[in-house]
Amino acid sequence: MSDRRFLAANGRVAKSDLKGIVDADRFTDGQAFSLAETAWLRDSPGGRAVRQLIFGDRFVELEREGSWSFGQSSKDGYVGHVESACLGEACRPTHRVAVRSTFARERANARALPVQDLHLNSGVRVKERTGAWCRVASRDRMHVPAAHLAELDSGDGDVAGWARVMLGTPYVWAGNSGFGIDCSGLVQAAFHAAGLECPPDSDLQEAMPGDRLSKSDTPNAGDLVFWKGHVAIAGGEGTLIHANAHHMAVVEEPAEIAVARIAATDTGPVTSRLRPTRTARQWLRPRWRQAIPRRE
């Protein structure tokens, strides 16, 4: 409970399950919301970004002060502050976005104006399907291409394949979207898209259960390679896929080249290699899974 990233307490308020563990003026179960737009999770109101939340992510608000909400992300337990205006009514997802990025439109028409950006793993609740379009629940009327959605538990275990979906995405510290992502955000996004559990930061990813690999072991696609403060996904065939500040993007490059280049920087040599235990990811409520309703 000493890791501040996941301690749902700020002295004034704390989550109910921390009663007897931390001191607070008030304990609460909080109120659940769903992200109605992409937003930064910050370490204080208007402070440093620690992660990014995307449309459909669940957020439990413990306290609201002015225009900021303090609480906890249900996706991975991260605690922080988010702009209250980015929170919408809690929505039970039925499907997830299965492409790098897409746009919800104001009408079910490819020429209609975009009203919301959606990104890989965004959870949406499909209300109905008409032809090639799905109307999804939101505070605004939104339509999403059905081809860009998949059922919640349709992950195929292909971590490297989902990482490649993000190739070319700009490098953005703490990013988790198809518009910008960092090294650990890429790993988490790829694992979640593959239907597997994964924590949010590289130090936690390095501590995941699994088989520790030696220098002489040949990494399989989906294995992880770690440095001090950096992580990459083995692509198979001697490549690494990672979001990095050298290219300022998600790239796939020969492992030998990446390892040598990074070793010559302050980051230093590889610290470990891991073949993570593949634990199925549990979405908020797997029983909400259903086929996309059709209305031709």
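These legends describe close-up views of a predicted model.

View 1. Six strands form an open sheet in the order 20-25-21-22-23-24, and their pairing is antiparallel. Strand 20 (210–213) and strand 24 (249–254) are the edge strands. Each has a single partner strand, so one side of each is left without a neighbour in the sheet. On average, neighbouring strands of this sheet are turned by 30° against each other, direction ignored.

**View 2. Strands 23 and 24.** Strand 23 (residues 239–244) runs antiparallel to strand 24. Six bridges join the two strands. Within this pair, I241 stands opposite E252 in strand 24.

**View 3. Helix 2 against the sheet.** Helix 2 packs on the sheet. The helix touches strand 21 (224–227), strand 22 (230–236), strand 23, strand 24 and strand 25 (272–276). The direction of helix 2 makes about 45° with that of strand 22.

**View 4. Surroundings of S184.** S184 lies in helix 2, which spans residues 183–193. Its relative accessibility is 5%, under the 20% cut-off, so S184 counts as buried. Leaving aside residues up to four places away in sequence, S184 touches R51, P200, D201, S202, Q205 and V231.

View 5. D201 lies in the loop between helix 2 and helix 3 (202–206), whereas R51 lies in strand 5 (residues 49–53). The pair therefore ties together parts that are 150 residues apart in sequence. Both D201 and R51 are buried.

**View 6. The R135–E128 salt bridge.** The side chains of R135 and E128 meet in a salt bridge, at 3.4 Å from N to O. The two partners fall on either side of the 20% cut-off for burial. R135 has 21% relative accessibility, so R135 counts as partly exposed. E128 has 16%, so E128 counts as buried.

View 7. R261 and E253 meet through their side chains in a salt bridge, at 2.8 Å from N to O. E253 is buried, with a relative accessible area of 7%. Elsewhere, salt bridges that share partners join D3, R5, R51, D182, D201 and D203 into one network. The model's count comes to 15 salt bridges.

Conventions. Residues are numbered from 1 along each chain as its sequence is written. This is a predicted model: local features need pLDDT of at least 70, side-chain atom pairs count only at pLDDT 80 or more; totals for chains, interfaces and linings use all residues. Side-chain values use heavy atoms; hydrogens and water are left out. Helices (H or I, at least four residues) and strands (E, at least two) are DSSP runs, numbered from the N terminus. Buried means under 20% relative accessible area, exposed over 50%, partly exposed in between (1.4 Å probe, protein chains only). Contact means heavy atoms within 4.5 Å. Two strands pair if DSSP finds at least two bridges between them. Axes are lines fitted to C-alpha atoms, for helices over the stretch in contact, and angles run from 0 to 180 degrees between N-to-C directions. A salt bridge is a side-chain nitrogen of Lys or Arg within 4 Å of a carboxyl oxygen of Asp or Glu.
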